[in-house]
Amino acid sequence: MRLGLRDLPSRLRLHRLLPVVSIAVAAGAVAAAIASPRLPLQDWGILAVFAVVIAVGEVNRIVLPGGRETAPMSLAAGYALAMTWDVGEDYRVSFGAGVVVATASVGMLAGAVPALIRRWPVRADDLAARLLSVAVAALLFRHLGVWDGQPLLTLQDNWASTRWVTAISMVLVSGVALFVQSFCVAMATASRDHRPFWRSLLDEVRQGAGLGAALAASGTLIALAERPMGIVALPVFLVPLVLTQFAIRRFAGIRETYGQTIRALSRLTEIGGYTRRDHPARVAALSVAMGRDLGMSDRDTLDLEYAALLHDIGQVALREPIPGGATMMAAPADQDRIARDGAGIVRQTGVLDHVAVILASQAKPYRHVRELGEDLPLASRIIKVANAYDDLVGEARARRARKHTAAIERIHLGLGYEYDPRVVEALIRVLERRAAVVGAG
Amino acid sequence: MTRRSAAGVRRSSTAANVYIGAVIAVAVAALVLSWRIAGPPTDLVALITLTGLGILGVRLREPDVGSRIAFSFISIVLIACNVLVGPTGCAIVGGVALAFEPGRPPRVRAFNVAMTSIFGVTGAWAYILAGGSTQLSDLHGAGELLVHVGLPLLVADVAQMLVNALLLSGVVRLNSGVPFRRFFVQIVSNSGIAYIGYGVIGFLFVILWGPADVGPFSAVLILAPLFVARWAFVQFGDEQRAHERTLSALVAAVETKDSNAAGHSARIAELAEWMSEPLSMGTQEVQALRYAAMLHDVGKIGVPTRVLRRPRTLSLVDLEALTRHSSLGVKLVRDIDFLSGSLDGIRHHHERWDGLGYPDSLAGDEIPLISRVIAVADAFDALTTDRAERPAFSPAQALKQIEQRRGRQFDPHVVAALATVVDRHDWPVTTASEEQLDQMRGYLDHDDPIAWEKVWTAAPRSGQIVQDPEPATRRARRRRVDGIRDDPRRIPDESAVAEQVRAP
């Protein structure tokens, strides 16, 4: 296997490392909290309310479109806690970043308990990223000297008449903390899905921007409103964010439904006897892994997945099925016709134009790029290779290794002529990783 | 229906114009009175900021996700105005913002400006009368804020909603003849909860602006989560429509395999939805019915093309392959969560009232209502379609054919619903050109009860399926249907049957 910087996150197994780092930070914070001077009773009350709200926020996690988990209410409450200074007009809290992180850890762990009891999967790396992000916010706001060695916390007294400056400073702190969160999550996904890190970060920042703005605003709102309203501000000022969370949940839900529909439709050809069992699903899984490896964005990967699932849909227009459903064995003209029929069917939806474009060129050989200067979409080239591999190997459990070698040999014969060499390399990398997993298991 | 309401508008347009004129006059009077009593708004920065927000609110694209989720930024802004800029300011903000609403004819725009201005003023006066404070810096602690700002704002909120509903119901009554009371109750029950939400958010806005000393910048903080929510709703709506279109377009693609049935699913879906009305089905059930109707024949993709297109040589094996389409369809879509209510409907849409249908030989009420509706709609559409052996029946003739099978093949209640629908709606028969007719020569439409009965009678052993000579238990009947397999001329193993069918 080629070694390079791009493999670094996966080789370091960052998605496993992240929770460890985070546990270390939490432990350090607890130690610091114990070592610090005794807190007044009122502080304990405030911290308790925050811990409860963070736990409730963790229980109400949402899944973002694209499958990543997050807990907006927990994060917003965490940022608010990190930036809490006056609770009520004449009471100032006296805790530091250590206590903030210890409280947030307690809340987050408590929030994960119901899921653990019901044996639902808890994504430890996402949880770790959230905790680290709160820790960053607390350090920035409470300890980092920004003006004359004073942290933002003590500077608030200078800004009594220009409170909007406070607001902007808080939004900035939350923004930095959110970026740290995105950075951690991107490292974990790059490591887990074997994607280039920069691509993961870009996707993470782009997708998180909307929700991030809402989070930064909510954390700031709560911290500011605690001054006139007291701790009541915490639940009350989360109301706008609850609405946001509801809307995003609906959005993610319909995205999931859409995916289910496409997957069901991909089985049309299977039930019609045109393709072998699970062929579209296998090609889709392989294509997505290759697309990730080649650094495709999430948006493009989704189009690639849909196109791979529907790549044989053109066969429903055939009078009689191709033997074994293997388009790879069909005559080039037939392959092209199936591709065009499929693209035509998909184009009729009026909403899947990107997918139709991918389908239209899925049968075209790679040499068109070099000889005719045609612009074949990367997704089409990926599907062509994945489809060929699956047609050649088939479902065979027995003699799988031999079939695999034969398939790779056959694909190598068409390298540069039929198939894009870069894509074939990605195929080999993906298959090597799969073999490693199977071998280890 | 549509013609009547259009005429209604023409007849009463003078009355509507007078009404709109009156509303405008009231708005102007309210503005003048407020100015005289409460004076002009003092905080110009607040006035300008809030007006800007109001304009932004009305110019944003509304999320199109059905009536249950509505979003009205202008309501939130007006509630904040009640406290921050007083009655006169409210009238100005409401009026100016709505003047910038895009894509409205002048008459509607004028009415909306006046109406919003009026309910802004109403809210502000309600706030003052309910003891609301405008000196926010004198208030300390959550309790005082709640009593002197929160509760009065709630009163103002309710007042705004009532005035809004009142004025709107009036104009809708005059314009399209919807009874005043019905529309009023509808608005209040639909947007009541949303208004409470606007009230809460408006309250937060005011607290941040005044007591927390953030000023105009609080607009950014409060509205950011709402903008994101709105954005997500817009995405949700887009994705939902994309999903619907994908589903129907791909179903249409399956129909290309059986080109003689083109458009059938879409027609059934419409007819079934009409029939749900006299059967007084619930909203969710209607939704499930619509999807089941759209997808009822999707399993035909699993039926060999030869059977679908060249049925002259149909044997019982072929017929059995054809009857498998209802269970195949379920197999295809069972992983789609939102279709879970439609699965039974798809599976049983060829059951018969007398228990002689397929695949499970259910009888009477055992058959899901959705399936009974689809069965009737299915047959009706098949009969009103041109076929090679006969021209399309007229809707009345087709209804007669179906009524003849009432109580045997079809549920009498559902047939009655069909009669109501045929009476109420215009149902165009589906015609075919000479060329198309030529192509469908010998085609068997499995939904056409007459053709289906003929084929069964022609095939050996068919009598058991179509006319059961003696009453029998359901299990016995099922055994008899399955009994086709016992025919020594045929291979009993299902996979072997499938293979035989697929062989050229």
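Visitor: What does the pLDDT of chain B average?
Guide: This is a predicted model. Chain B averages 78. At least 70 is scored by 84% of its residues.

Visitor: Where in chain B is confidence lowest, and where is it highest?
Guide: The lowest is helix α22 of chain B, residues 494–502, with a mean of 36. The highest is helix α15 of chain B, residues 369–383, at 91.

Visitor: Which stretches of chain B have a pLDDT below 50?
Guide: Residues 1–11 of chain B are one of them. That stretch has six contacts in the model beyond near neighbours in sequence. Residues 461–504 of chain B also stay under 50. There the model has 38 contacts beyond four places in sequence.

Visitor: And the scores for the complex?
Guide: The predictor gives an ipTM of 0.80 and a pTM of 0.78.

Visitor: OK, fold. How many helices and strands are in chain B?
Guide: 22 helices and zero strands. Of the 504 residues in chain B, 46% are buried. Among contacts in chain B with a separation of 6 or more, 69% join residues 24 or more positions apart.

Visitor: Tell me about α6 in chain B. What does it span?
Guide: Helix α6 of chain B covers residues 141–176, 36 residues in total. From first C-alpha to last it reaches 50 Å, close to the expected 52 Å.

Visitor: Where is the kink in α6(B) centred?
Guide: On B:Val147, with a bend of about 35°. Just after α6(B) comes B:Gly177, which takes a positive phi of about 75°.

Visitor: Switching to the interface. How many residues of chain B are in contact with chain A?
Guide: 54, and they touch 54 residues of chain A. On the chain B side, α6, α7, α8 and α13 each give two or more residues.

Visitor: Which of those gives the largest share?
Guide: α8(B), with 26 residues. By class, the chain B side has 36 nonpolar, ten polar and eight charged residues.

Visitor: Now chain A. At what angle do α2 and α8 of chain A pack?
Guide: About 145°, with their axes 7 Å apart. Helix α2 of chain A is residues 14–35, and helix α8 of chain A is residues 163–193.

Visitor: Which residues make that contact?
Guide: From α2(A), A:Leu14, A:His15 and A:Leu18. From α8(A), A:Cys184, A:Met187, A:Ala188, A:Ser191 and A:Arg192. That gives five nonpolar, two polar and one charged residues.

Notes. Residues numbered from 1 in each chain as written. Chains lettered and ligands numbered in written order. Predicted model: local features only at pLDDT ≥ 70, side-chain atom pairs only at ≥ 80, totals over all residues. Axes fitted to C-alpha atoms, helices over the stretch in contact; angles between N-to-C directions. Helix = DSSP H or I, 4+ residues; strand = E, 2+ residues; numbered from the N terminus. Contact = placed C-beta atoms within 7 Å. Nonpolar A, V, L, I, M, F, W, Y, C, P; charged D, E, K, R; others polar. pLDDT = per-residue confidence, 0-100. Expected span 1.5 Å × (residues − 1). Bend = angle between axes of the 7 residues up to and from the residue. Buried ≥ 20, exposed ≤ 12 C-beta atoms within 10 Å, placed from the backbone.
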